[in-house]
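Open the model in your viewer and keep the sequence panel beside it. This tour tells you what to select at each stop and what you will find there.

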Amino acid sequence: MPVATQASLKGLTPEQLEETSCRLCLNNTYHLGLKPGQEVLDAIGGAHKLQGWKHNILTDSGGFQMVSLLKLATITEEGVRFLSPHDGSPMLLTPEHSMSLQNSIGSDIMMQLDDVIVTTSPDKERMKEAMLRSVRWLDRCIAAHKKPETQNLFCIIQGGLDLELRQECCKEMVARDTPGIAIGGLSGGEAKADFCRVVETCTAMLPELKPRYVMGIGYPEDLVVSVALGADMFDCVWPTRTARFGNAITKQGVLNIRNAKFGDDFGPIEEGCGCECCREGGLGITRAYIHHNTSKETVAAHLLTIHNVWYQLNLMREVRDAILEDRFPAYIRGFFHGLYPNKS
Ligand code: GUN
Ligand code: ZN
């Protein structure tokens with residue numbers, strides 16, 4: 001899922017986002033709750049109407065954004081307390097309030113409010129408290145949810161890098177029988193081996209037929225590896241953010257098109273890519289054009305955003321096809337060979 005934090009994918013019209021083949025994008029409850037606010041959301045009839053988006057929306061619950069953005073957020077059993085970035089006034093986001101906002105947003109998938117601790121924190125007791133509190137907050141979210149027939153509430157597994165805590169959390173969360181399950185608390189700079197152990201431990205305990213969503217994950221290598229470990233869904237700001245720094249994601253790795261060598265490169269962003277910029281009969285965008293526009297004009301950022309979002313969605317499509325056609329191991333080998341041709 002590409003991340004449209006403020007109800008827009010920076011630089012793209014909803015029509016352009018649709019053209020990337022995106023059918024599910026992410027919005028943030030915290031940001032939309034502040035602006036345009038619940039009254040406007042109710043008046044217009046939700047976030048689909050607000051952004052002219054006829055496909056699906058997933059909303060994150062808001063707590064994670066406050067904790068990661070505002071160092072001043074404090075967490076109690078009641079909820080997450082923070083100072084409004086607009087006027088500095090004290091605010092409280094409770095599980096009930098997050099659900100009410102997400103009901104007003106009308107997202108197709110809504111996330112529970114969770115207590116998130118960075119995985120690299122050494123405080124075991126706090127980690128356990130956060131995990132148990134996330135379970136209690138799920139119960140409060142389920143009780144407060146007004147539209148369970150049309151909006152799917154996902155739980156979020158917490159527990160840091162402690163595999164026993166993760167297992168205990170999986171057991172509790174699975175028993176609540178939500179339509180989908182997320183694995184949270186990763187993407188915090190933990191070692192890859194630790195990340196893999198946590199994902200593998202959780203997916204082993206999750207029901208086969210419910211979507212498993214690893215939150216905040218987005219490098220192509222991490223997506224492919226996480227699928228191999230049993231995960232299905234991901235979101236990350238990286239593909240769109242890195243586009244704004246002039247970076248194109250390709251099968252050979254990330255290319256910075258600001259590099260002088262692209263100034264007279266009249267090929268597409270990526271040969272063989274099916275995005276609107278690169279494909280035969282498409283927009284006819286060249287690397288030279290992107291290079292020429294990366295310094296002052298925003299058009300290069302928009303075009304690279306289109307390419308990068310398409311790249312990621314196409315990667316997941318290829319992965320899905322490879323699994324369905326029973327050739328996923330060969331696909332993974334080919335994928336890593338493309339990135340690291342000199343390693344066997
Ligand atoms: N985004 C990335 N990680 C997390 C997490 O653990 N919880 C929530 N709510 N959002 C996230
Ligand atoms: Zn492309």
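**Stop 1: Salt bridges along the chain**

Select Lys-251: at 38% relative accessibility, this residue is partly exposed. Keep in mind that you are looking at a predicted model. Glu-318 and Lys-251 form a salt bridge, with their closest N and O atoms 3.1 Å apart. The two partners come from distant parts of the chain: Glu-318 sits in helix α12, while Lys-251 sits in the loop between β11 (247-250) and β12, 67 residues apart. Glu-318 is also partly exposed, with a relative accessible area of 23%.

Why can such residues pair? Side chains of opposite charge can do so when their charged atoms come close.

How many salt bridges does the structure hold? The count is 19. Two more are worth a visit.

Select Arg-133 and Glu-77. Their salt bridge has its closest N and O atoms 2.9 Å apart. This pair, too, links distant parts of the chain: Arg-133 is in helix α6 (residues 124-144), and Glu-77 is in the loop between β3 (74-75) and β4 (80-83), 56 residues apart. Is Arg-133 buried or exposed? Arg-133 counts as buried, because its relative accessibility is 7% and the cut-off for buried is under 20%. Glu-77 is partly exposed, at 32%.

Next, select Lys-124 and Asp-162. Their side chains meet in a salt bridge of 3.7 Å, N to O. Lys-124 lies in helix α6 and Asp-162 in the loop between β7 (152-157) and α7 (163-175), so this pair ties together parts 38 residues apart in sequence. Lys-124 is exposed, at 57% relative accessibility. Asp-162 is partly exposed, at 21%.

Glu-77, Asp-115, Arg-126, Glu-129, Arg-133 and Arg-136 are linked in a network of salt bridges.

**Stop 2: The zinc ion**

Select ligand 2, the zinc ion. Which residues coordinate it? Show Cys-273, Cys-275, Cys-278 and His-307. The cysteines use their SG atoms and the histidine its ND1, at 2.0 to 2.4 Å.

Check the angles among the 4 donor atoms: they run from 104 to 118°, and the site is tetrahedral. For comparison, the ideal angle for four tetrahedral donors is 109.5 degrees.

Now find the donors in the sequence panel. Their spacing is C-x1-C-x2-C-x28-H. Cys-273 and His-307 link distant parts of the chain. Cys-273 is in the loop between β12 (253-256) and α11 (287-293), and His-307 is in helix α12 (residues 299-324), 34 residues apart. Cys-273 is buried, with a relative accessible area of 8%. His-307 is buried as well, at 0%.

**Stop 3**

Select residues 56-60, which make up strand β2. Is this strand mostly covered or uncovered? Strand β2 is mostly covered, with 4 of its 5 residues buried.

Zoom in on Cys-25, which stands opposite Ile-57 in β2.

As you turn the view, follow the side chains. In a regular strand they alternate between the two faces of the sheet.

Technical notes: Residues numbered from 1 in each chain as written. Chains lettered and ligands numbered in written order. Predicted model: local features only at pLDDT ≥ 70, side-chain atom pairs only at ≥ 80, totals over all residues. Heavy atoms only, no water. Buried < 20%, exposed > 50% of the residue type's maximum accessible area, 1.4 Å probe, protein only. Helix = DSSP H or I, 4+ residues; strand = E, 2+ residues; numbered from the N terminus. Pairing = 2+ DSSP bridges. Donors = N, O, S within 2.8 Å, 3.2 Å for Na, K, Ca; no water. Tetrahedral: all angles 85-135°; square planar, octahedral: opposite > 155°, others 65-115°. Salt bridge = Lys/Arg side-chain N within 4 Å of Asp/Glu carboxyl O.
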